[in-house]
Amino acid sequence: MFGISKNHDKPPLKIIIVGAGKVGRTLVEQLSKEGNEVTLIDKDPEKVESLTNLYDVMGIVGNGASYAAQMQADIQSTDLLIAVTDSDELNLLTCTVAKRVGDCSVIARVRTPDYSEEVSYLREKLGLTMIINPELESAREMARLFYLPDALEVNSFAHGQAELVKLKVPAGHILAGLTLAEFAHNLPSHNTKLLICAVERDGQVSIPNGFFRIQPGDIVSFVLPRRDRRAFLKLLAIKHATVKDCMIVGGGRSAYYLSRQLIHMGIGVKIIERDAKRCEELSVLLPEAVIINGDGTDEGLLKEEGIESVDSFVSLTGIDEQNILLTLHARKISDTKVITKVNRSNFHDVINDLDLGSIIYPRFITSEAIIAYARAKRASISSNIETLYHMYDYRVEAIEFRVDSESRATNIPLKDLKLKDSLMIAFINRGTKISLPSGDDTIQVGDTVMVVTTHTGFKDLDDILA
């Protein structure tokens, strides 16, 4: 992995993070590594001590919503406050106090469905920069996968006009054995393009050139305009028919948000939840779904409820180990599309070696939106980050920049730009037209530009230049 892009003309942000849970820990790690001045506030002294020993951050033990704690953290000169405690109400109160005392941007994690229905009102009345709901965002990411059951990941860019799809190449696949140049030459129409922008093989990730030869077992990520989706999925022999039904184990917030989206898509939903009271609540909230009160880890119950014939299976319990075992069981007895929720990031290598289908990390989804905002806030006015996705366990970044004014990267043919290595310009969005660029194309003011790279920490479009 390459180091963080340094921009000495862009001073670090002063950031306060309230809450040292899984999301808070991820934000502390990423935002401090990117050179920001981070202060962590949490009531638990052990968590504060642990993170201040690991990272170059300041720690304060206390209530992040209190005036005294925020003043101790120097709220009056802070650029950004992020409240990610386990309490929605505490997060909203923390942001409200910060807006009254300081002159900073504020971001709150809000997970309760009632509040999620009132996002616009809360943002306007409380002056919030962003409200992020990890369960809702995870559900949206999972729902995209139901359109492409063979895909491991599907991410959306340019307001849905472009898609980044991850696929494992099986033996005998049309891609296997071809170089990227050979595959491009064999495409049925020169007007239709697909760009393979990252490949993982034997644990190593690379940004490929035209001479790169795809092998069976490679995990490839490719970009395509959404308008060309159907043609390319047919060409690549990827299933694009939406699944008909889904079995979900676990009836928490993630299950509720996902079920609501699947029902809207016309997909039948069955939820297995062991808590009887929660089953009653879900029956009222989701009258179209089938709610089963039982132990989702009981093999007999799963078989009785049809796990062997269901189109898709999603394990959404609060215990990672249960989710992993349930997915492995579903894989063993059926050919269903599986999605696994993993809350912790420990043992990445072990998890990646297992056949878990699509893996969803809610805390990474949450942190990516916040990190993208922080980078854009720190960047110059010439370009800002629209969208940021981390790929291949944070080893690759896909960044969509918005170009608001001219810079060293604009109005010059791409073939003449001195780009950093291990980097690819994946698309240019002009107006509402997505183009996968050639060397003769240029970046212009008003465009959005997607870059895929193994470098980390890009904040500005000019960071792509050597």
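Visitor: Is Arg402 buried, partly exposed or exposed?
Guide: In this predicted model, local features need pLDDT of at least 70 and side-chain atom pairs count only at pLDDT 80 or more, while totals for chains, interfaces and linings use all residues. Residues are numbered from 1 along each chain as its sequence is written, and side-chain values use heavy atoms, with hydrogens and water left out. Buried means under 20% relative accessible area, exposed over 50%, and partly exposed in between (1.4 Å probe, protein chains only). With a relative accessible area of 27%, Arg402 is therefore partly exposed.

Visitor: Which residue forms a salt bridge with Arg402?
Guide: A salt bridge is a side-chain nitrogen of Lys or Arg within 4 Å of a carboxyl oxygen of Asp or Glu. For Arg402 the closest N and O atoms are 3.2 Å apart.

Visitor: How many residues apart are Arg430 and Asp447?
Guide: Arg430 and Asp447 form a salt bridge whose closest N and O atoms are 2.7 Å apart. Helices (H or I, at least four residues) and strands (E, at least two) are DSSP runs, numbered from the N terminus. Arg430 belongs to strand β20 (residues 423-430) and Asp447 to the loop between β21 (433-435) and β22 (448-453). This pair links distant parts of the chain, the separation being 17 residues.

Visitor: Over the ring of which residue does the charged end of Lys166 sit?
Guide: Lys166 forms a salt bridge with Glu153, the closest N and O atoms being 3.2 Å apart. That bridge links strand β7, which holds Glu153, to strand β8 (residues 162-168), which holds Lys166. A charge sits over a ring if NZ of Lys or CZ of Arg is within 6 Å of the ring centre and within 35 degrees of the ring normal. The charged end of Lys166 meets this at 4.2 Å from the ring centre of Tyr392.

Visitor: How many aromatic pairs does the structure hold?
Guide: Rings of Phe, Tyr and Trp (its six-membered ring) pair if their centres lie within 6.5 Å; planes under 30 degrees apart count as stacked, over 60 as edge-to-face and the rest as tilted. On this basis, the number of aromatic pairs in the structure is four.

Visitor: What is the geometry of the Phe157 and Tyr389 pair?
Guide: The ring centres of Phe157 and Tyr389 are 5.2 Å apart. Phe157 lies in strand β7 (residues 153-157) and Tyr389 in strand β18 (residues 383-391), 232 residues apart. Phe157 is buried at a relative accessible area of 1%, as is Tyr389 at 13%. The planes of Phe157 and Tyr389 stand at 75°, so the pair is edge-to-face.

Visitor: Are the rings of Tyr361 and Phe364 stacked, tilted or edge-to-face?
Guide: Their centres are 5.3 Å apart and their planes stand at 45°. Tyr361 counts as buried at 11% relative accessibility, and Phe364 is buried at 13%. Because of the 45° angle, the Tyr361 and Phe364 pair is tilted.

Visitor: Which residue joins Phe157 and Tyr389 in one aromatic cluster?
Guide: The pair of Phe157 and Tyr389 is edge-to-face. The aromatic cluster that holds Phe157 and Tyr389 also includes Phe427.
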